[in-house]
Amino acid sequence: MSDASEHSKKVEEEEEEVTPDPQELSDDSSEDEAAGEMDFLRNLFSSTLGLGSADKVLDELTLSGVAHYINSGKCKNIICMVGAGISTSAGIPDFRSPGTGLYANLQKYNLPYPEAIFQIDYFQEHPEPFFTLAKELYPGQFKPTICHYFIKMLKDKGVLRRCYTQNIDTLERLAGLEGGDLIEAHGTFYTSHCVSSCCRKEYNLDWMKEKVFSDDIPRCDKCSSLVKPDIVFFGENLPVQFFTSMKSDFPNCDLLIIMGTSLKVQPFASLVSRVSKICPRLLINMEKAGQADPLFGMLGLGGGMDFDSEKAYRDVAYIGTCDDGCLALADLLGWKTELEELVKKEHARIESDNKKEKASDSKGAAAAAASEPRKEE
Ligand SMILES: [Zn+2]
(Lines give C-alpha, C1' and ligand atoms only; values in the text may rest on other atoms or scores of the structure.)
Protein backbone atom coordinates (compact mmCIF):
# COMPACT_ATOMS: atom_id res chain seq x y z
CA MET A 1 0.00 0.00 0.00
CA SER A 2 1.40 3.39 -0.95
CA ASP A 3 1.87 6.17 1.55
CA ALA A 4 -0.86 8.26 -0.03
CA SER A 5 -3.60 5.62 0.19
CA GLU A 6 -2.37 4.62 3.67
CA HIS A 7 -2.79 8.24 4.67
CA SER A 8 -6.27 8.61 3.17
CA LYS A 9 -7.39 5.39 4.86
CA LYS A 10 -6.20 6.74 8.16
CA VAL A 11 -8.10 10.00 7.61
CA GLU A 12 -11.27 8.05 6.82
CA GLU A 13 -10.94 6.05 10.01
CA GLU A 14 -10.40 9.16 12.06
CA GLU A 15 -13.45 10.75 10.54
CA GLU A 16 -15.53 7.71 11.31
CA GLU A 17 -14.45 7.94 14.92
CA VAL A 18 -15.46 11.56 15.36
CA THR A 19 -18.74 11.27 13.45
CA PRO A 20 -21.35 10.53 16.11
CA ASP A 21 -23.90 7.85 15.39
CA PRO A 22 -27.34 9.50 15.55
CA GLN A 23 -28.76 6.35 17.18
CA GLU A 24 -26.28 6.60 20.04
CA LEU A 25 -26.89 10.25 20.56
CA SER A 26 -30.65 9.87 20.81
CA ASP A 27 -30.10 7.49 23.74
CA ASP A 28 -27.98 10.08 25.50
CA SER A 29 -29.41 11.53 28.70
CA SER A 30 -28.66 15.12 27.63
CA GLU A 31 -30.67 14.98 24.41
CA ASP A 32 -30.82 18.72 23.87
CA GLU A 33 -27.10 19.06 24.06
CA ALA A 34 -26.68 16.13 21.71
CA ALA A 35 -29.15 17.61 19.26
CA GLY A 36 -27.25 20.87 19.39
CA GLU A 37 -24.03 19.05 18.73
CA MET A 38 -25.62 17.19 15.83
CA ASP A 39 -26.80 20.46 14.32
CA PHE A 40 -23.33 21.87 14.70
CA LEU A 41 -21.75 18.84 13.04
CA ARG A 42 -24.40 18.72 10.38
CA ASN A 43 -23.76 22.34 9.50
CA LEU A 44 -20.04 21.79 9.56
CA PHE A 45 -20.28 18.82 7.23
CA SER A 46 -22.79 20.56 5.01
CA SER A 47 -20.59 23.56 4.57
CA THR A 48 -17.32 21.71 4.15
CA LEU A 49 -18.42 18.67 2.17
CA GLY A 50 -21.84 19.61 0.95
CA LEU A 51 -23.06 16.05 1.32
CA GLY A 52 -23.70 13.29 3.79
CA SER A 53 -26.46 11.05 5.10
CA ALA A 54 -27.12 13.56 7.88
CA ASP A 55 -28.23 15.99 5.15
CA LYS A 56 -31.07 13.80 3.97
CA VAL A 57 -34.31 15.37 5.08
CA LEU A 58 -36.65 13.52 2.70
CA ASP A 59 -37.23 9.82 3.31
CA GLU A 60 -37.36 9.36 -0.46
CA LEU A 61 -36.67 11.63 -3.44
CA THR A 62 -40.22 11.54 -4.77
CA LEU A 63 -43.38 13.60 -4.53
CA SER A 64 -44.53 11.37 -1.66
CA GLY A 65 -41.24 11.98 0.12
CA VAL A 66 -42.01 15.69 -0.12
CA ALA A 67 -45.60 15.14 1.07
CA HIS A 68 -44.39 13.12 4.12
CA TYR A 69 -42.03 15.93 4.99
CA ILE A 70 -44.72 18.64 4.72
CA ASN A 71 -47.09 16.54 6.84
CA SER A 72 -44.39 15.80 9.43
CA GLY A 73 -44.76 19.28 10.90
CA LYS A 74 -41.02 19.94 10.52
CA CYS A 75 -41.54 21.94 7.36
CA LYS A 76 -42.79 25.37 8.38
CA ASN A 77 -41.14 27.75 5.93
CA ILE A 78 -41.92 26.87 2.33
CA ILE A 79 -40.73 29.19 -0.41
CA CYS A 80 -42.29 28.94 -3.86
CA MET A 81 -40.41 30.21 -6.89
CA VAL A 82 -42.64 30.48 -9.93
CA GLY A 83 -42.47 31.47 -13.58
CA ALA A 84 -44.53 31.72 -16.76
CA GLY A 85 -45.33 27.98 -16.71
CA ILE A 86 -47.76 28.39 -13.82
CA SER A 87 -49.90 30.81 -15.87
CA THR A 88 -50.00 29.04 -19.23
CA SER A 89 -53.12 27.04 -18.29
CA ALA A 90 -54.81 30.38 -17.54
CA GLY A 91 -54.28 31.24 -21.22
CA ILE A 92 -51.42 33.69 -20.74
CA PRO A 93 -48.78 33.17 -23.41
CA ASP A 94 -45.10 33.32 -22.57
CA PHE A 95 -44.93 36.71 -24.25
CA ARG A 96 -41.27 37.29 -23.58
CA SER A 97 -40.41 34.59 -26.11
CA PRO A 98 -40.29 35.88 -29.67
CA GLY A 99 -42.45 33.88 -32.08
CA THR A 100 -45.65 33.96 -30.02
CA GLY A 101 -48.80 35.45 -31.48
CA LEU A 102 -48.36 38.55 -29.40
CA TYR A 103 -45.20 39.56 -31.15
CA ALA A 104 -46.86 39.03 -34.51
CA ASN A 105 -49.49 41.61 -33.52
CA LEU A 106 -46.77 44.13 -32.92
CA GLN A 107 -45.37 44.00 -36.45
CA LYS A 108 -47.09 47.21 -37.43
CA TYR A 109 -44.86 49.08 -35.00
CA ASN A 110 -41.67 47.93 -36.74
CA LEU A 111 -39.86 47.11 -33.53
CA PRO A 112 -36.11 47.02 -34.20
CA TYR A 113 -36.12 43.64 -32.37
CA PRO A 114 -38.90 42.03 -30.28
CA GLU A 115 -37.29 42.65 -26.88
CA ALA A 116 -37.22 46.39 -27.57
CA ILE A 117 -40.79 46.47 -26.32
CA PHE A 118 -39.42 45.92 -22.79
CA GLN A 119 -36.40 48.18 -23.18
CA ILE A 120 -36.75 51.28 -21.04
CA ASP A 121 -34.94 53.58 -23.50
CA TYR A 122 -37.10 52.43 -26.39
CA PHE A 123 -40.27 52.77 -24.31
CA GLN A 124 -39.55 56.39 -23.48
CA GLU A 125 -39.36 57.22 -27.19
CA HIS A 126 -42.04 54.81 -28.42
CA PRO A 127 -44.52 53.78 -25.71
CA GLU A 128 -47.28 52.62 -28.14
CA PRO A 129 -46.16 49.00 -28.72
CA PHE A 130 -45.90 48.33 -25.01
CA PHE A 131 -49.40 49.62 -24.33
CA THR A 132 -50.83 47.56 -27.20
CA LEU A 133 -49.31 44.49 -25.59
CA ALA A 134 -50.50 45.61 -22.15
CA LYS A 135 -54.08 45.71 -23.41
CA GLU A 136 -53.89 42.11 -24.60
CA LEU A 137 -52.31 40.89 -21.40
CA TYR A 138 -54.31 43.05 -19.08
CA PRO A 139 -54.94 41.62 -15.63
CA GLY A 140 -58.57 40.80 -15.03
CA GLN A 141 -59.12 38.81 -18.21
CA PHE A 142 -57.53 35.67 -16.80
CA LYS A 143 -58.29 33.39 -13.86
CA PRO A 144 -55.65 31.95 -11.49
CA THR A 145 -54.81 28.29 -12.01
CA ILE A 146 -54.91 25.24 -9.73
CA CYS A 147 -51.23 25.90 -9.09
CA HIS A 148 -51.91 29.48 -7.91
CA TYR A 149 -54.55 28.18 -5.49
CA PHE A 150 -52.19 25.47 -4.26
CA ILE A 151 -49.80 28.25 -3.20
CA LYS A 152 -52.72 30.02 -1.52
CA MET A 153 -53.43 26.77 0.37
CA LEU A 154 -49.85 26.65 1.62
CA LYS A 155 -50.50 30.14 3.02
CA ASP A 156 -53.79 29.08 4.60
CA LYS A 157 -52.06 26.08 6.22
CA GLY A 158 -49.48 28.46 7.72
CA VAL A 159 -46.45 26.99 5.92
CA LEU A 160 -45.81 29.53 3.16
CA ARG A 161 -42.91 31.83 3.93
CA ARG A 162 -43.10 33.62 0.61
CA CYS A 163 -43.80 33.24 -3.07
CA TYR A 164 -41.20 34.67 -5.47
CA THR A 165 -42.75 35.17 -8.87
CA GLN A 166 -41.31 36.20 -12.21
CA ASN A 167 -44.81 36.76 -13.57
CA ILE A 168 -46.39 40.16 -14.02
CA ASP A 169 -49.94 38.92 -14.55
CA THR A 170 -50.99 39.53 -10.89
CA LEU A 171 -52.70 36.11 -10.76
CA GLU A 172 -51.02 35.40 -7.40
CA ARG A 173 -52.84 38.42 -5.94
CA LEU A 174 -56.09 37.39 -7.57
CA ALA A 175 -55.67 33.96 -5.94
CA GLY A 176 -55.47 35.64 -2.54
CA LEU A 177 -51.78 36.17 -1.85
CA GLU A 178 -51.14 39.59 -0.37
CA GLY A 179 -48.23 42.02 -0.50
CA GLY A 180 -46.30 40.37 2.35
CA ASP A 181 -46.70 36.87 0.86
CA LEU A 182 -45.31 37.84 -2.46
CA ILE A 183 -42.15 39.10 -4.10
CA GLU A 184 -42.90 40.17 -7.65
CA ALA A 185 -39.33 39.92 -8.89
CA HIS A 186 -40.10 41.32 -12.32
CA GLY A 187 -42.57 43.85 -11.02
CA THR A 188 -46.33 44.05 -11.43
CA PHE A 189 -49.18 45.75 -13.27
CA TYR A 190 -50.80 46.30 -9.90
CA THR A 191 -49.27 49.74 -9.45
CA SER A 192 -47.79 52.26 -11.93
CA HIS A 193 -45.50 55.25 -11.60
CA CYS A 194 -44.65 58.38 -13.51
CA VAL A 195 -41.31 57.69 -15.22
CA SER A 196 -39.90 61.13 -14.38
CA SER A 197 -37.31 60.60 -11.65
CA CYS A 198 -38.20 63.89 -9.96
CA CYS A 199 -41.97 63.11 -9.89
CA ARG A 200 -42.61 59.34 -9.55
CA LYS A 201 -46.31 59.85 -8.81
CA GLU A 202 -48.06 56.53 -8.16
CA TYR A 203 -51.18 55.40 -10.03
CA ASN A 204 -53.41 52.41 -9.28
CA LEU A 205 -54.64 49.53 -11.43
CA ASP A 206 -58.03 51.12 -12.22
CA TRP A 207 -56.45 54.36 -13.43
CA MET A 208 -54.05 52.49 -15.72
CA LYS A 209 -56.77 50.15 -16.97
CA GLU A 210 -58.98 53.05 -18.01
CA LYS A 211 -56.09 54.58 -20.03
CA VAL A 212 -55.02 51.30 -21.61
CA PHE A 213 -58.53 50.34 -22.72
CA SER A 214 -59.31 53.76 -24.15
CA ASP A 215 -56.05 53.54 -26.16
CA ASP A 216 -54.66 56.62 -24.44
CA ILE A 217 -50.94 56.74 -23.80
CA PRO A 218 -50.94 57.20 -20.01
CA ARG A 219 -49.41 60.53 -18.98
CA CYS A 220 -48.84 61.93 -15.51
CA ASP A 221 -51.48 64.40 -14.21
CA LYS A 222 -48.77 66.32 -12.46
CA CYS A 223 -45.91 66.58 -14.97
CA SER A 224 -47.17 65.01 -18.25
CA SER A 225 -44.36 62.44 -18.35
CA LEU A 226 -45.22 58.87 -19.33
CA VAL A 227 -46.73 56.60 -16.70
CA LYS A 228 -45.53 52.99 -16.78
CA PRO A 229 -46.84 49.95 -14.91
CA ASP A 230 -44.28 48.84 -12.31
CA ILE A 231 -43.05 45.91 -14.33
CA VAL A 232 -39.30 45.59 -14.59
CA PHE A 233 -38.01 46.44 -18.04
CA PHE A 234 -34.65 45.39 -19.43
CA GLY A 235 -32.20 47.96 -18.15
CA GLU A 236 -34.10 48.51 -14.89
CA ASN A 237 -33.25 47.19 -11.44
CA LEU A 238 -35.28 44.53 -9.72
CA PRO A 239 -37.40 45.82 -6.81
CA VAL A 240 -35.36 46.54 -3.65
CA GLN A 241 -37.72 44.21 -1.74
CA PHE A 242 -36.48 41.30 -3.84
CA PHE A 243 -32.96 41.69 -2.48
CA THR A 244 -33.87 42.45 1.13
CA SER A 245 -36.39 39.57 1.49
CA MET A 246 -34.11 37.13 -0.29
CA LYS A 247 -31.42 37.54 2.37
CA SER A 248 -33.69 36.68 5.29
CA ASP A 249 -35.99 34.17 3.54
CA PHE A 250 -33.69 31.70 1.83
CA PRO A 251 -31.37 30.73 4.72
CA ASN A 252 -34.51 29.89 6.77
CA CYS A 253 -36.27 27.92 4.06
CA ASP A 254 -37.39 24.34 4.94
CA LEU A 255 -38.60 23.44 1.45
CA LEU A 256 -38.20 25.17 -1.89
CA ILE A 257 -40.90 24.50 -4.49
CA ILE A 258 -39.91 25.69 -7.97
CA MET A 259 -42.73 25.71 -10.51
CA GLY A 260 -43.11 26.62 -14.16
CA THR A 261 -39.68 28.11 -14.71
CA SER A 262 -36.68 26.87 -16.61
CA LEU A 263 -34.41 28.86 -14.27
CA LYS A 264 -32.69 30.69 -17.08
CA VAL A 265 -33.25 34.33 -16.12
CA GLN A 266 -30.84 35.82 -13.59
CA PRO A 267 -30.73 36.83 -10.80
CA PHE A 268 -33.94 34.86 -10.16
CA ALA A 269 -32.44 31.54 -11.24
CA SER A 270 -29.58 31.70 -8.76
CA LEU A 271 -32.01 31.85 -5.82
CA VAL A 272 -32.12 28.02 -5.77
CA SER A 273 -28.57 27.98 -4.41
CA ARG A 274 -29.43 30.34 -1.55
CA VAL A 275 -31.24 27.77 0.58
CA SER A 276 -29.21 25.69 3.06
CA LYS A 277 -27.46 22.59 1.75
CA ILE A 278 -29.96 20.31 3.51
CA CYS A 279 -33.09 22.11 2.27
CA PRO A 280 -35.09 19.86 -0.10
CA ARG A 281 -36.00 21.35 -3.47
CA LEU A 282 -38.97 20.23 -5.55
CA LEU A 283 -39.17 21.20 -9.20
CA ILE A 284 -42.55 20.97 -10.95
CA ASN A 285 -41.96 21.78 -14.61
CA MET A 286 -42.34 20.44 -18.15
CA GLU A 287 -38.61 19.69 -18.21
CA LYS A 288 -35.76 19.38 -15.75
CA ALA A 289 -34.07 22.68 -15.01
CA GLY A 290 -31.40 24.29 -12.91
CA GLN A 291 -28.87 21.46 -13.06
CA ALA A 292 -25.29 22.46 -12.32
CA ASP A 293 -23.50 24.09 -15.17
CA PRO A 294 -20.10 22.38 -15.48
CA LEU A 295 -18.51 25.80 -15.91
CA PHE A 296 -20.20 27.30 -12.84
CA GLY A 297 -19.28 24.17 -10.91
CA MET A 298 -15.65 24.72 -11.80
CA LEU A 299 -15.83 28.30 -10.69
CA GLY A 300 -16.99 27.05 -7.31
CA LEU A 301 -20.41 28.66 -7.48
CA GLY A 302 -22.20 25.32 -7.35
CA GLY A 303 -25.69 24.96 -5.92
CA GLY A 304 -27.17 23.46 -9.10
CA MET A 305 -30.03 20.98 -8.92
CA ASP A 306 -29.15 17.28 -8.82
CA PHE A 307 -32.07 14.94 -9.47
CA ASP A 308 -30.40 11.86 -10.85
CA SER A 309 -26.77 11.42 -9.91
CA GLU A 310 -25.56 8.93 -7.29
CA LYS A 311 -25.01 11.87 -4.98
CA ALA A 312 -28.58 13.18 -5.32
CA TYR A 313 -29.95 13.62 -1.81
CA ARG A 314 -32.52 16.43 -1.75
CA ASP A 315 -33.79 17.42 -5.21
CA VAL A 316 -37.03 16.02 -6.62
CA ALA A 317 -38.39 16.62 -10.12
CA TYR A 318 -42.01 16.20 -11.19
CA ILE A 319 -42.13 16.43 -14.96
CA GLY A 320 -45.51 17.64 -16.15
CA THR A 321 -47.78 20.67 -15.95
CA CYS A 322 -47.80 22.75 -12.79
CA ASP A 323 -51.51 22.07 -12.27
CA ASP A 324 -51.00 18.28 -12.50
CA GLY A 325 -48.00 18.45 -10.18
CA CYS A 326 -49.89 20.47 -7.59
CA LEU A 327 -52.92 18.19 -7.77
CA ALA A 328 -50.70 15.12 -7.33
CA LEU A 329 -48.95 16.69 -4.35
CA ALA A 330 -52.26 17.87 -2.86
CA ASP A 331 -53.58 14.31 -3.22
CA LEU A 332 -50.59 12.88 -1.33
CA LEU A 333 -51.04 15.55 1.35
CA GLY A 334 -54.74 14.74 1.73
CA TRP A 335 -55.67 18.22 0.48
CA LYS A 336 -57.01 17.37 -2.98
CA THR A 337 -60.74 17.81 -2.33
CA GLU A 338 -60.11 21.03 -0.45
CA LEU A 339 -57.99 22.37 -3.32
CA GLU A 340 -60.57 21.46 -5.96
CA GLU A 341 -63.33 23.11 -3.94
CA LEU A 342 -61.24 26.25 -3.45
CA VAL A 343 -60.62 26.51 -7.22
CA LYS A 344 -64.31 26.00 -8.02
CA LYS A 345 -65.50 28.54 -5.46
CA GLU A 346 -62.93 31.19 -6.42
CA HIS A 347 -63.48 30.81 -10.18
CA ALA A 348 -67.23 31.27 -9.64
CA ARG A 349 -66.54 34.40 -7.59
CA ILE A 350 -64.23 35.88 -10.25
CA GLU A 351 -66.73 35.16 -13.03
CA SER A 352 -69.49 36.90 -11.13
CA ASP A 353 -67.22 39.90 -10.36
CA ASN A 354 -66.26 40.13 -14.03
CA LYS A 355 -69.91 40.07 -15.10
CA LYS A 356 -70.68 42.96 -12.77
CA GLU A 357 -67.69 44.90 -14.06
CA LYS A 358 -68.54 44.22 -17.70
CA ALA A 359 -72.05 45.52 -17.16
CA SER A 360 -70.68 48.72 -15.67
CA ASP A 361 -68.08 49.42 -18.36
CA SER A 362 -69.45 47.75 -21.48
CA LYS A 363 -68.91 51.04 -23.27
CA GLY A 364 -65.14 50.86 -22.73
CA ALA A 365 -64.99 47.22 -23.81
CA ALA A 366 -66.86 47.94 -27.04
CA ALA A 367 -64.43 50.72 -27.87
CA ALA A 368 -61.50 48.43 -27.13
CA ALA A 369 -62.88 45.66 -29.39
CA ALA A 370 -63.43 48.10 -32.25
CA SER A 371 -59.81 49.21 -32.18
CA GLU A 372 -58.39 45.67 -32.01
CA PRO A 373 -55.73 45.25 -34.70
CA ARG A 374 -57.07 43.15 -37.60
CA LYS A 375 -54.97 41.09 -39.92
CA GLU A 376 -55.32 42.31 -43.51
CA GLU A 377 -55.71 39.59 -46.13
ZN1 LIG B 1 -45.10 62.90 -13.08
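**A cysteine cluster and a parallel sheet**

Two residues are in contact here if their C-beta atoms, placed from the backbone, lie within 7 Å.

Before going on, a word about the model. It is a predicted model, in which local features need pLDDT of at least 70 and side-chain atom pairs count only at pLDDT 80 or more, while totals for chains, interfaces and linings use all residues. Residues are numbered from 1 along each chain as its sequence is written.

Back to Cys 223. You will find this residue in the loop between helix H10 (205-213) and strand S6 (227-231). When I say helix or strand, I mean DSSP runs numbered from the N terminus: H or I with at least four residues for helices, E with at least two for strands.

Which residues does the UniProt annotation "binding site" cover? According to that record, an unreviewed entry, they are Cys 194, Cys 199, Cys 220 and Cys 223. They are spread over 30 residues of sequence, yet they cluster in space, with a largest C-alpha distance of 9.0 Å. Please keep in mind that UniProt annotations may be inferred rather than shown by experiment; the feature names are shortened and the positions follow the numbering used here.

Now, let's turn to the sheet. It is open and has 6 strands in the order S3-S2-S1-S7-S8-S9, with parallel pairing. Two strands pair if DSSP finds at least two bridges between them. The edge strands, each pairing on one side only, are strand S3 (182-184) and strand S9 (315-319). On average, neighbouring strands are turned by 15° against each other, direction ignored.

Look at strand S1 (residues 78-82). On one side, 5 bridges join S1 to strand S2 (residues 160-165), and Ile 78 has Leu 160 as its bridge partner there. S1 also pairs with strand S7 (residues 255-259) over 5 bridges, again in the parallel sense. In S7, Ile 78 is partnered with Leu 255, and Cys 80 stands opposite Ile 257.

How many residues of S1 are buried? The count is 5 of the 5, so S1 is largely enclosed by the rest of the structure. In a regular strand, side chains alternate between the two faces of the sheet. In S1, the buried residues are Ile 78, Cys 80 and Val 82 on one side and Ile 79 and Met 81 on the other. S7 is mostly covered too, with 5 of its 5 residues buried: Leu 255, Ile 257 and Met 259 on one side, Leu 256 and Ile 258 on the other. S7 then continues to strand S8 (residues 281-285) through 4 bridges, running parallel.

Next, the helices. H8 lies across S1, S2 and S7, at about 150° to S2. H13 packs on the sheet as well, touching S7, S8 and S9, and its direction makes about 135° with that of S8. Angles run from 0 to 180 degrees between N-to-C directions, and axes are lines fitted to C-alpha atoms, for helices over the stretch in contact.

How do these two helices meet? The axes of H8 (residues 146-156) and H13 (residues 322-333) come within 8 Å and cross at roughly 40°. That is why H8 is called oblique to H13: under 35 degrees would be roughly parallel, over 145 roughly antiparallel, 65 to 115 roughly perpendicular, and the rest oblique. Ile 146, Cys 147 and Phe 150 of H8 make the contact with Cys 322, Asp 323, Cys 326, Leu 327 and Ala 330 of H13.

Pro 267 belongs to the loop between S7 and S8.

Technical notes: Buried ≥ 20, exposed ≤ 12 C-beta atoms within 10 Å, placed from the backbone.
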